[in-house]
Structures are given as C-alpha cells and as structure tokens.
Amino acid sequence: MNFTVKDIEQFQTQKQFIDTAIVPLVQLNLLDEGMKQSSSAVEYLITLTMFIEQQFRGRVMLMPPFSYTDRTKNELLPIQLQEELHNTGFKSVIFITCDHSWKKDNEDLDILWLPAIPLESMDKTVKQRILEDQLKQIIPVLTEAWV
C-alpha cells in the first residue's frame with residue numbers, strides 16, 4: 001500500500017493486517033559535485049521500496065520519502081515519526097536508506113542500510129534481477145520484524 005487516498009481508505013478498514021510501515025530515508029546532496037550521485041541513490045531507493053511494496057502489498061505501507069540534507073539532518077525526527085506511526089497502529093516501522101551514517105548510533109530505530117546501486121544505465125531485465133536480489137536480503141529483516 002502507498003500513502004494515497006485510495007490505499008489509506010483500505011488501510012483504515014484493515015489495520016490489523018497492514019502492520020508495517022516502510023520509510024525511505026533519502027539524503028539529498030544539492031551541491032553540483034554531489035547531485036548526480038545523490039539522485040542516483042534516491043532513484044535506487046525509491047525503485048527498491050516501491051518493489052518491496054508491490055511484493056508485500058496488503059502487509060506493508062510505503063510512506064513518502066523522509067528527505068534531508070547534511071545541514072537539515074536531525075536524528076530525533078525519524079524517532080518521532082516512528083512513534084507517531086506506532087500510535088497510528090503500525091507494529092513495525094522499518095527505515096531503509098543508502099546513507100550509512102544512520103547505522104552508527106541509532107539503536108532506537110530499525111534501519112536497513114543498503115549500498116546504492118546505479119540503476120539508471122541498466123536495462124529492464126538486469127534492473128529486475130538486482131531488485132529481486134536485494135529483496136532476498138530484505139526478507140529476513142521483514143520476517144524478523146513480524147515475529
């Protein structure tokens with residue numbers, strides 16, 4: 001499910017089944033020398049989280065990306081968002097990011113870090129295979145959250 005009116009209406013009637021929120025943590029680098037790499041990582045992360053949502057539709061809700069820059073990064077905001085999502089009825093909140101700095105001191109958050117893979121120059125079949133391989137790494141994290 002996505003954070004759209006249609007899916008939210010369904011979520012509100014089936015909260016007991018849709019118990020996991022997926023939140024992409026997206027780092028934006030708006031400097032000329034970092035913008036291309038940043039946009040590549042964002043494209044990968046958004047494509048991957050949309051693929052996860054498709055595979056687990058009815059069990060997860062893909063939230064809008066949580067975007068920040070080096071200057072606006074605030075480690076308390078994801079904790080507060082997680083708390084609000086728990087209060088909404090989500091039992092699990094999983095943040096997915098390509099920014100390794102989130103893994104350092106965030107024991108309060110369930111953060112899955114994945115290295116960014118540049119998808120922009122790949123053909124459709126290679127891209128699909130990479131997404132499926134990444135999903136295989138993510139499934140144990142999801143099943144652990146669901147236990």
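Okay, so let's start with Arg-57 and Asp-7: their side chains meet in a salt bridge, 2.8 Å from N to O. That pair links distant parts of the chain, with Arg-57 in the loop between helix H2 and strand S2, and Asp-7 in helix H1, 50 residues apart. Bear in mind that this is a predicted model.

Now, which other residue does Arg-57 form a salt bridge with? That's Glu-53, with the closest N and O atoms 2.3 Å apart.

Buried or exposed, what about Asp-7? Asp-7 is buried, at 4% relative accessible area. Glu-53 counts as buried too, because its relative accessibility is 5% and the cut-off is under 20%. Arg-57, on the other hand, is partly exposed at 44%.

Next pair: Asp-19 and Arg-59, again a salt bridge between side chains, 2.9 Å N to O. Asp-19 sits in the loop between H1 and strand S1, Arg-59 in the loop between H2 and S2, so this one ties together parts 40 residues apart in sequence. Asp-19 is buried at 7%, while Arg-59 is partly exposed at 27%. The structure holds four salt bridges.

Zooming out, the chain has four helices and five strands, running α-β-α-β-β-α-β-β-α along the sequence. The radius of gyration is 15 Å, which agrees with what you'd get for a compact globule of 147 residues. Buried residues make up 39% of the chain. And of the contacts with a separation of 6 or more, 71% come from residues 24 or more positions apart.

Definitions and conventions:
Residues are numbered from 1 along each chain as its sequence is written. This is a predicted model: local features need pLDDT of at least 70, side-chain atom pairs count only at pLDDT 80 or more; totals for chains, interfaces and linings use all residues. Side-chain values use heavy atoms; hydrogens and water are left out. Helices (H or I, at least four residues) and strands (E, at least two) are DSSP runs, numbered from the N terminus. The radius of gyration is taken over C-alpha atoms; the globule rule is 2.2 Å times the number of residues to the power 0.38. Buried means under 20% relative accessible area, exposed over 50%, partly exposed in between (1.4 Å probe, protein chains only). Contact means heavy atoms within 4.5 Å.
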